Amino acid sequence: MAMEMQAPKGTKDMLPQDAYKWQYIEGVFREVAKTYGIREIRTPMFEHTELFLRGVGDTTDIVQKEMYTFKDKGDRSVTLKPEGTSPVVRSFVESRLFNEAQPTKLCYITPAFRYENVQKGRLRQFHQCGVEVFGSKEPSMDAEVIAVAMDTLKKLGLKSLSLHINNLGCPNCRPKYNEALKKFLAENYDGLCDTCKSRFEKNPMRILDCKEKKCNEITKNAPIILDYMCEECDSHFAKVKEYLDILEIPYEIDPGIVRGLDYYTKTIFEIVTPDFTVCGGGRYDKLIEELGGPDMPAVGFAIGIERLIMTLEKEGIEIPNETLFDLYIGARGEEERKAAFKLASQLRPLGVKCEINHMGRSVKAEMKYANKLGCTFTTIIGEDELSNKKINLKRMSDGEIFEVSLENIEEIAKSVK
Ligand code: ATP
Ligand code: MG
């Protein structure tokens, strides 16, 4: 036998027995998004590498360590999308959607690719459902975007969630903060990891998000940006909090969160469980302009679907699973098999999920199989059924029998659904 192949490290198949979970989560997300007038956008799986250098930022972990970047056969550098936001902004700018009436409310469900150290809740291909809203600088929009994420997670039944918020300031207040931070970090420069040493001049705030232990120790007592905010950022943050109060969404202010992407300004947030962050997001008022569009504010988030599923399982939340088949149609002989084949073809357009014998099973084995699949009803077509044009529908839960005409397809459909 040929050697068995394995999926690449850090990737996972979605197996058929788990498909319902994904479909359910995606359905809930789409439903919630609709209540906010958010429409779906799909962008390519790969982009010019340049997009992420400019969008995510060239001093971030994502760009420095985690991107799947390669040359295509035309010698262009392309990158599998490590996140959803920059491609959506690229598309928004390229398709001139900024000329439409604002705000523009978009959502997506997408795989993302990062070359990470694989561990629990950390994969190399993972999936996100995200929202990006362009055109509004109002604090009410920050709160609304947070509400979309919270609505989705709550509708799924999650309980162990807490919302952490912070404010990262804007180009007005950042320089003053960066100076203070650099002054603090300079005293401990030698203790920083090499990546952080290289970040020191260009982007000292990135050091706060480093995953290295020795850097964490150093930054523990670093000055916090909340103490350096300009008046506008201060008042924006106060209003976001007011709107969250109106929504009765509790939050914790966490000056330690900076997020792993450079594009954030003002509000940032994370929704965390005891195990990990399931959702991250925030405002990024400079990114649209940075990527060649007009000066236009934006705010968004992304939920990690794998982490979400792990959390649902940990909390013991059952995701509703439909039965695979409403009706199993067994048959005793060749003519009856054709009748079963025909009946199934007539029932499916009426929405009946049905199955017949494609495996040459005996009638006894068929019924055993139908039972194993959890079919709601079974029927067996034999000589008598064909000549009388009547079949017995057996409800598997209690064994009750319902006799119906083989010619009344609608009645059969109604009986088994
Ligand atoms: P972390 O700090 O855990 O590395 P991040 O800040 O890199 O997360 P974002 O880029 O904000 O994460 O992505 C949003 C969400 O996507 C995360 O909250 C998480 O649920 C999910 N996510 C990010 N990276 C991974 C990964 N490698 N594997 C699985 N899920 C991920
Ligand atoms: Mg990360």
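This is a predicted model: local features need pLDDT of at least 70, side-chain atom pairs count only at pLDDT 80 or more; totals for chains, interfaces and linings use all residues.
1. A backbone N or O atom of V278 lies 3.1 Å from an oxygen atom of ligand 1.

2. Residues are numbered from 1 along each chain as its sequence is written, chains are lettered from A and ligands numbered from 1 in the order in which they are written, and side-chain values use heavy atoms, with hydrogens and water left out.

3. Ligand 1 has 590 Å² of accessible area on its own, and the protein covers 92% of it; areas come from the Shrake-Rupley method with a 1.4 Å probe, and for residues only the protein chains shown count as cover. The shell holds 17 residues, with R114, E116, R122, L123 and R259 the closest; a residue counts as near if one of its heavy atoms lies within 4 Å.

4. Which strand gives the most to the shell around ligand 1? Strand β10 does, with 4 residues. β6, β10 and β11 each supply at least two. By class, the shell residues divide into 6 nonpolar, 5 polar and 6 charged. Ala, Val, Leu, Ile, Met, Phe, Trp, Tyr, Cys and Pro count as nonpolar, Asp, Glu, Lys and Arg as charged, and the others, Gly among them, as polar.

5. One open sheet of 8 strands has the order β1-β5-β6-β11-β10-β9-β7-β8, with mixed pairing. Its edges are β1 (39-40) and β8 (252-253); each has a single partner strand, so one side of each is left without a neighbour in the sheet. Helices (H or I, at least four residues) and strands (E, at least two) are DSSP runs, numbered from the N terminus, and two strands pair if DSSP finds at least two bridges between them. β7 (162-167) and β8 are parallel over 2 bridges, with I165 opposite I253.

6. Helix α9 (231-246) packs on this sheet and touches β7, β8, β9 (265-272) and β10 (277-283), at about 160° to β7. Helix α1 (19-34) lies across β1, β5 (104-113), β6 (125-134) and β11 (298-304), and runs at about 160° to β5. Contact means heavy atoms within 4.5 Å; axes are lines fitted to C-alpha atoms, for helices over the stretch in contact, and angles run from 0 to 180 degrees between N-to-C directions.

7. Another open sheet has 5 strands in the order β13-β12-β14-β15-β16, with mixed pairing. Here β13 (354-356) and β16 stand at the edges with a single partner strand each, so one side of each has no neighbour in the sheet. From one strand to the next the twist averages 25°.

8. Within that sheet, β12 (327-331) and β14 are parallel over 5 bridges, and A331 stands opposite I381. β14 (377-381) and β15 (390-395) are antiparallel, joined by 2 bridges, with T378 opposite K394. β15 and β16 (401-405) are also antiparallel, with 5 bridges; I391 faces V404 and N392 faces E403. Their hairpin has 5 residues between the strands, where G399 takes a positive phi near 80°.

9. Helix α12 (334-347) lies across β12, β13, β14 and β15, at about 160° to β12. Helix α13 (363-373) packs on the sheet as well, touching β12 and β14, and its direction makes about 170° with that of β12.

10. Two backbone features deserve a look. The peptide bond from Q102 to P103 is cis, with omega near 5°; P103 is in the loop between α4 (85-94) and β5. R96, in the loop between α4 and β5, has a positive phi of about 60° although it is not a glycine.

Note on methods: A polar contact is a pair of N or O atoms within 3.5 Å; within protein, one must be able to donate a hydrogen and the other to accept it, and residues adjacent in sequence count only if both atoms are side-chain atoms.
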